[in-house]
Amino acid sequence: MPNKKSAERRVKIAERNRLYNKYWTSRCKTAVKKLLQAVEAKDSETAHKVFNEAQSVIDKAVVKGVMHKNTAARRKELMSRRMKAMNA
């Protein structure tokens, strides 16, 4: 346990930030998983819709500082490759 008032505040802030980051990270992973499921099912219409939503969620996570921009680019590239493979 922290001994100083400022250390107590930092613990509270760290916990708040941890939950915020966990929320956005989970949201990104869920969006990607939904896309991969749609691609596995060969459902082109749903896949395109979910693809746009997943890109949006990932971009928002970058803006909020939860995810690094290169990580986001890598994940979006993975999704686009799966989409191209499904269409081919």
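**Helices, core and exposure**

Reader: What is the relative accessible area of Val-62, and how does the residue count?
Author: The model is predicted; local features need pLDDT of at least 70, side-chain atom pairs count only at pLDDT 80 or more, and totals for chains, interfaces and linings use all residues. Residues are numbered from 1 along each chain as its sequence is written, and side-chain values use heavy atoms, with hydrogens and water left out. Buried means under 20% relative accessible area, exposed over 50% and partly exposed in between, with a 1.4 Å probe and protein chains only. Val-62 therefore counts as partly exposed, at 26%.

Reader: Which residues does Val-62 contact, leaving aside neighbours within four places in sequence?
Author: Val-62 sits in helix α2. A contact means heavy atoms within 4.5 Å. With neighbours within four places left aside, the contacts of Val-62 are Met-67, His-68, Lys-69 and Ala-72.

Reader: Which elements make up the chain, in order from the N terminus?
Author: Helices (H or I, at least four residues) and strands (E, at least two) are DSSP runs, numbered from the N terminus. The chain has 3 helices and 0 strands. The order is α-α-α.

Reader: What is the radius of gyration of the chain, against that of a compact globule of 88 residues?
Author: The radius is taken over C-alpha atoms, and the globule rule is 2.2 Å times the number of residues to the power 0.38. The C-alpha trace spans about 60 × 20 × 15 Å along its principal axes. A compact globule of 88 residues would come near 12 Å, but the chain has 17 Å.

Reader: How far apart in space are Arg-10 and Lys-34, C-alpha to C-alpha?
Author: Arg-10 is part of helix α1 and is exposed, at 55% relative accessibility. In sequence, 24 residues separate Arg-10 and Lys-34. In space, their C-alpha atoms are apart by 36 Å.

Reader: What C-alpha separation do Lys-29 and Arg-75 have?
Author: Lys-29 belongs to helix α1 and is partly exposed, with 47% relative accessibility. Along the chain, Lys-29 and Arg-75 are 46 residues apart. Their C-alpha atoms are separated by 9.7 Å.

Reader: Which residues touch the most other members of the largest nonpolar core?
Author: A nonpolar core is a set of buried Ala, Val, Leu, Ile, Met, Phe, Trp, Tyr and Cys residues joined through side-chain atoms within 4.5 Å. Buried residues are 24% of the 88 in the chain. Of the 19 residues in the largest core, those touching the most other members are Leu-35, Ala-47, Ile-58, Met-79 and Met-83.

Reader: Which helices each supply at least two residues of this core?
Author: In soluble globular proteins, nonpolar side chains tend to be buried together. Here the suppliers of at least two core residues each are α1 (5-40), α2 (44-63) and α3 (69-87).

Reader: Which residues does Met-79 touch, not counting residues up to four places away in sequence?
Author: Met-79 is one of the core residues that touch the most other members. Beyond four places in sequence, Met-79 touches Val-32, Leu-35, Phe-51, Ala-54, Gln-55 and Ile-58.

Reader: What is the phi of Lys-42?
Author: Lys-42 is placed in the loop between α1 and α2. At 59% relative accessibility, Lys-42 is exposed. Although Lys-42 is not a glycine, its phi is positive, at about 60 degrees.
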